[in-house]
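Dear colleague,

I am passing on the structure we spoke about, and the notes below go through what was found in it.

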Amino acid sequence: MLAEIYVYEDDCTKQIDGFIGMNDNYTEGIFVKKAVQSKGIGKQLLNHAKEGKSTLRLSVYQKNKKAIQFYLREEFVIQSENIDNNTDEKEFVMVWNR
């Protein structure tokens, strides 16, 4: 399987301010530099990932309240909860459907 990475580059600084990693319909993660968070970069990256997809899935740690609120705003729903085998952290599995 090939992973897809989409980056958000600031036009002025030519710095990468964020990226999203996709593995088919699974969102491996969205990362945005702390200094530019809450400026719509994550939303733009997620919207790009949604193009041409009918569903997206992801896992998010339950303690990451900010991320959970972001995904809920972006029309993801909590499908189930798990324990991450690598970290023993509680996580939600969230799904978006077109």
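Buried residues account for 34% of the 98 residues in the protein, and please keep in mind throughout that this is a predicted model. Along the principal axes, the C-alpha atoms fill a box of roughly 40 × 30 × 25 Å. The protein exposes about 6700 Å², of which carbon and sulfur atoms supply 50%.

As for the fold, there are 2 helices and 6 strands, and read from the N terminus the elements follow the order β-β-β-α-β-α-β-β. Of the contacts between residues at least 6 apart in sequence, 46% join residues that are at least 24 apart.

In soluble globular proteins, nonpolar side chains tend to be buried together. Here the largest nonpolar core has 19 residues, and the members that touch the most others are Leu46, Val60, Tyr71 and Phe76. At least two residues of this core come from each of strand 2 (16–23), helix 1 (41–50), strand 4 (55–61), helix 2 (65–73) and strand 6 (90–97). If you centre the view on Val60 and set aside its neighbours within four places in sequence, you will find it in contact with Ala67, Ile68, Tyr71, Glu91, Phe92 and Met94.

Helix 1 deserves a separate look, as Ile41, Gly42, Leu45, Leu46, Ala49 and Lys50 are buried in it. The cover over these buried residues includes strand 1, strand 2, strand 3, strand 4, helix 2 and strand 6. After helix 1 comes Gly52, which has a positive phi near 75 degrees.

Lys53 then lies in the loop between helix 1 and strand 4. Is this lysine, Lys53, buried or exposed? Its relative accessibility is 14%, and because the cut-off for buried is under 20%, Lys53 counts as buried. Not counting residues up to four places away in sequence, Lys53 touches Glu4, Asp24, Asn25, Trp96 and Arg98.

On the surface, Ile5, Val7, Ile16, Phe19 and Phe31 form a nonpolar patch, with about 460 Å² of accessible area together. Strand 1 (4–9) and strand 2 are the elements that give two or more residues to this patch. One of its members, Ile16, lies in strand 2, and with a relative accessibility of 43% Ile16 counts as partly exposed, since that class lies between the 20% limit for buried and the 50% limit for exposed.

Ser38, in the loop between strand 3 (26–32) and helix 1, has a positive phi of about 65 degrees although it is not a glycine, and Ser38 is exposed, with a relative accessible area of 70%. Asp88, which is found in the loop between strand 5 (77–83) and strand 6, likewise has a positive phi, near 60 degrees, in a residue other than glycine. Asp88 is exposed, with a relative accessible area of 62%.

With best regards

Key. Residues are numbered from 1 along each chain as its sequence is written. This is a predicted model: local features need pLDDT of at least 70, side-chain atom pairs count only at pLDDT 80 or more; totals for chains, interfaces and linings use all residues. Side-chain values use heavy atoms; hydrogens and water are left out. A nonpolar core is a set of buried Ala, Val, Leu, Ile, Met, Phe, Trp, Tyr and Cys residues joined through side-chain atoms within 4.5 Å. Buried means under 20% relative accessible area, exposed over 50%, partly exposed in between (1.4 Å probe, protein chains only). Helices (H or I, at least four residues) and strands (E, at least two) are DSSP runs, numbered from the N terminus. Contact means heavy atoms within 4.5 Å. Patches are made of residues with over 30% relative accessible area and no salt bridge: like charges are joined within 9 Å, nonpolar side chains (Val, Leu, Ile, Met, Phe, Trp, Tyr) within 5 Å. Accessible areas come from the Shrake-Rupley method with a 1.4 Å probe; for residues, only the protein chains shown count as cover. A salt bridge is a side-chain nitrogen of Lys or Arg within 4 Å of a carboxyl oxygen of Asp or Glu.
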